[in-house]
Amino acid sequence: MVTAAQAKSLRAQLHAAGVFEFDEGAAWRKLAITLTLAAAAMVGVVVGPLWLSILLVPVVAAFIVPAAMLGHEGSHRSISPSPRRNALMQHICFPLLSGLGALHWRNKHDVLHHGHPNVQGADPDITLWPMTSCAEDHQRANPLRRWLQRNVQGYIFWPLTLLLPTMMRISSIKRLGFHARKRGLDGAFWADALCQLAHYTLWVGIPVAIWGLPALAVYLGVWAAVGVMLALIFAPAHIGLPVIHDQITDWEHQLETTRNLALPRWLSWFFVGLDYQIEHHLFPKIPHSQLPRAAAIVGRWCDEIGLRHETISYGPAVVDVTRFLHNAWRTPSQPGVEVRSVSEAIAAAVVAGRPGASDAASGPVMVPPPARPSVAAMVAAASGVLPSGR
């Protein structure tokens, strides 16, 4: 259990390093760069020959994704000290650019996912209907879904992410209706609704009126590619780690269900800080440009008190997601107390000076994809030689 003194020490180190300082100019510059490059690629789609248009569609998507993820920062209020400018960034990047509702994202991501990562029945990011993330959900499914989960789930997950933007937009419209019933037609409703309307007008209505159905095909192609890319950003950070019921709500839970991704600098630029998911989950208001420095501090702090701080190479992380999905139907979720027992056993071994406890003082280390041993085996291992992931 992280003590109040330990938590205070970490916060003090992070504040001393200045990682909570806003970098608003950098965020707006990044938005300008990504939108300019996406627009340039879109011009090539419009004026170029068919073969070039097809090749440029995923290029457009690749620059839209980091622009959209700046809306994620705006939603967490980590762009600016000004609430209005955070909201402006969120609405530009989500409902206006992406058609993704600000109200839907705030509930789905900021409240539910961040509050309950990898918790069965509480984290919408592991509610993979018609797929499953654990054996209990599989047992409750109808016969057709159970067949799909046993036989093809691991093969169809990535292709189905082509539909991710469409599903999130449907949920966004539903959320508008829910908000109107609960809180009325307030300012938040109108800001979200009008930006969504502008998205469809600018992306679909006007282009289709000018160029006809090919414009709709381009729209669908761009956003299908965006769906795959978003899944490639978000899924490896959590899917493959333990699915938990009976959550213990504390910092250790975030560490047990989240991992960082080791990326080359050029690829990290496109992730907008989401390769540092551990630090983002612990401190959502740290701006993405400050997360690499925060990760070094948090990694050392975890080493000192024996907490796991997992960093995994990107390729193995994607493989681990796919492997997990192939076997999720027969993998039971775990009680939080069992997962915690592993963490505590590892922490005790570190504090006792077991082999491997002191050779990672420089920061997070690379770990292989989890082998998913039994809890008993993991506890037994912790009492001997520590796993390389701490």
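Hi everyone, let me start with contacts (heavy atoms within 4.5 Å): residues 24 or more positions apart account for 74% of the contacts in the chain with a separation of 6 or more. Before I go on, this is a predicted model, where local features need pLDDT of at least 70, side-chain atom pairs count only at pLDDT 80 or more, and totals for chains, interfaces and linings use all residues. Residues are numbered from 1 along each chain as its sequence is written, and side-chain values use heavy atoms, with hydrogens and water left out.

The chain has 18 helices and five strands; these are DSSP runs, H or I of at least four residues for helices and E of at least two for strands, numbered from the N terminus. Of its 390 residues, 51% are buried, meaning under 20% relative accessible area with a 1.4 Å probe, protein chains only.

Now to the inside. A nonpolar core here is a set of buried Ala, Val, Leu, Ile, Met, Phe, Trp, Tyr and Cys residues joined through side-chain atoms within 4.5 Å. The largest one has 59 residues, and Ile-64, Met-69, Phe-157, Val-222 and Val-226 touch the most other members. Helices that each supply at least two residues include α2 (24–47), α8 (153–160) and α11 (213–238). The largest share, 11 residues, comes from α3. Apart from this core lies another, of 20 residues, with Ile-278, Phe-283, Ile-286 and Ala-294 among them.

Beyond its neighbours within four places in sequence, Phe-157 is in contact with Leu-128, Met-131, Ala-235, Ile-239, Val-321 and Leu-325.

On to the rings. How many aromatic pairs does a search of the whole structure find? There are 13, counting rings of Phe, Tyr and Trp (its six-membered ring) whose centres lie within 6.5 Å; planes under 30 degrees apart are stacked, over 60 edge-to-face, and the rest tilted. Phe-94 and Trp-105 make a tilted pair, 5.0 Å centre to centre with 55° between the planes. Phe-94 is in helix α4 (residues 83–96) and Trp-105 in helix α5 (residues 102–115), so their pairing ties together parts 11 residues apart in sequence. Both Phe-94 and Trp-105 are buried.

Phe-271 and Tyr-314 are edge-to-face, at 5.8 Å centre to centre and 90° between the planes. Here helix α13 (residues 265–271) holds Phe-271 and helix α16 (residues 314–327) holds Tyr-314, so this pair ties together parts 43 residues apart in sequence. Ring pairs also link Phe-20, Trp-251, Phe-283 and Trp-301 into a cluster.

Key: Buried means under 20% relative accessible area, exposed over 50%, partly exposed in between (1.4 Å probe, protein chains only).
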